[in-house]
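Let's walk through this fold together, starting with the overall layout and ending with the charged pairs. Keep the sequence and the 3D view side by side as you read.

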Amino acid sequence: MKYYAVAEIDITDPTWVRDYVTNVTAIVERQGGRYLARTPQIEKIEGDRTPPQVFLIIEWPSKDAADAFYASEEYRPFRERRQAGSKGKFLLVAGEDVNGVAHMGDQAA
C-alpha cells in the first residue's frame, strides 16, 4: 500500500531551505518517494486554522520506504536543520479508504 508524507511548514529561519531542497529532493527520489506537492499556494476553503507557509505531499511506495527515509543517516542532518528552522507538522498517511468505497487508483491491497 502506498503511504503519503504530509507536511505543514512555517519557516522561522530560512537559512536551511535552499540546501534542504537541493539535497533532500534527490534523497527522497533515491528512496522511492515522489513529490506530489511542495508549494506555498494554499487556499483555505473551510476552518479556522491559518494555512501554513508551505504544504508538502510525498508519495511513498510503502510505509517501510517512508520510515527508512525518515530514519536514514543521510536525511538526519537535513531533518535536524528543518526542525530547528521551522515549525509545523510532518505526518505519514496510509493510502487507503477504510470504508472500502473509493477507488484508490493503481494501488495493490
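**A guided look at the fold**

The protein chain has three helices and four strands, where helices (H or I, at least four residues) and strands (E, at least two) are DSSP runs numbered from the N terminus. This is a predicted model, in which local features need pLDDT of at least 70 and side-chain atom pairs count only at pLDDT 80 or more, while totals for chains, interfaces and linings use all residues. Residues are numbered from 1 along each chain as its sequence is written, and side-chain values use heavy atoms, with hydrogens and water left out.

The C-alpha trace of the protein chain spans about 45 × 35 × 15 Å along its principal axes. Take contact to mean heavy atoms within 4.5 Å. Among contacts between residues at least 6 apart in sequence, 74% join residues at least 24 apart.

Now look inside. Of the 109 residues in the protein chain, 30% are buried; buried means under 20% relative accessible area, exposed over 50%, and partly exposed in between (1.4 Å probe, protein chains only). In soluble globular proteins, nonpolar side chains tend to be buried together. Here the largest nonpolar core has 19 residues, and Val24, Val28, Ile58, Trp60 and Phe69 touch the most other members. Such a core is a set of buried Ala, Val, Leu, Ile, Met, Phe, Trp, Tyr and Cys residues joined through side-chain atoms within 4.5 Å. At least two residues of this core come from each of β1 (3–11), α1 (17–30), β3 (54–60) and α2 (63–71).

What about the charges? Counting Lys and Arg as positive and Asp and Glu as negative, with His and the chain ends not counted, the protein chain has 14 positive and 17 negative side chains. Side chains of opposite charge can pair when their charged atoms come close. A search of the whole structure finds eight salt bridges, each being a side-chain nitrogen of Lys or Arg within 4 Å of a carboxyl oxygen of Asp or Glu.

One of them joins Glu59 and Lys2, with the closest N and O atoms 3.7 Å apart. Because Glu59 lies in strand β3 and Lys2 in the segment before β1, the pair ties together parts that are 57 residues apart in sequence. Glu59 counts as buried, at 10% relative accessibility.

Another salt bridge brings together Arg49 and Glu8 (2.4 Å, N to O). This pair links distant parts of the chain, with Arg49 in the loop between β2 (34–39) and β3 and Glu8 in strand β1, 41 residues apart. Arg49 is exposed at 53% relative accessibility, whereas Glu8 is partly exposed at 21%.

Asp19 and Arg81 also meet in a salt bridge (3.6 Å, N to O). Asp19 lies in helix α1 and Arg81 in helix α3, so the pair ties together parts that are 62 residues apart in sequence. Salt bridges that share partners also join Lys2, Arg34 and Glu59 into one network.

Which charged residue is buried yet has no salt bridge? Look at Arg82, in helix α3 (residues 76–84). The nearest side chain of opposite charge to Arg82 is Glu80, 10 Å away, with the place of a charge taken as NZ of Lys, CZ of Arg, CG of Asp or CD of Glu. Beyond its neighbours within four places in sequence, Arg82 is in contact with Ile9, Trp16, Tyr20, Tyr70, Tyr75 and Phe90.
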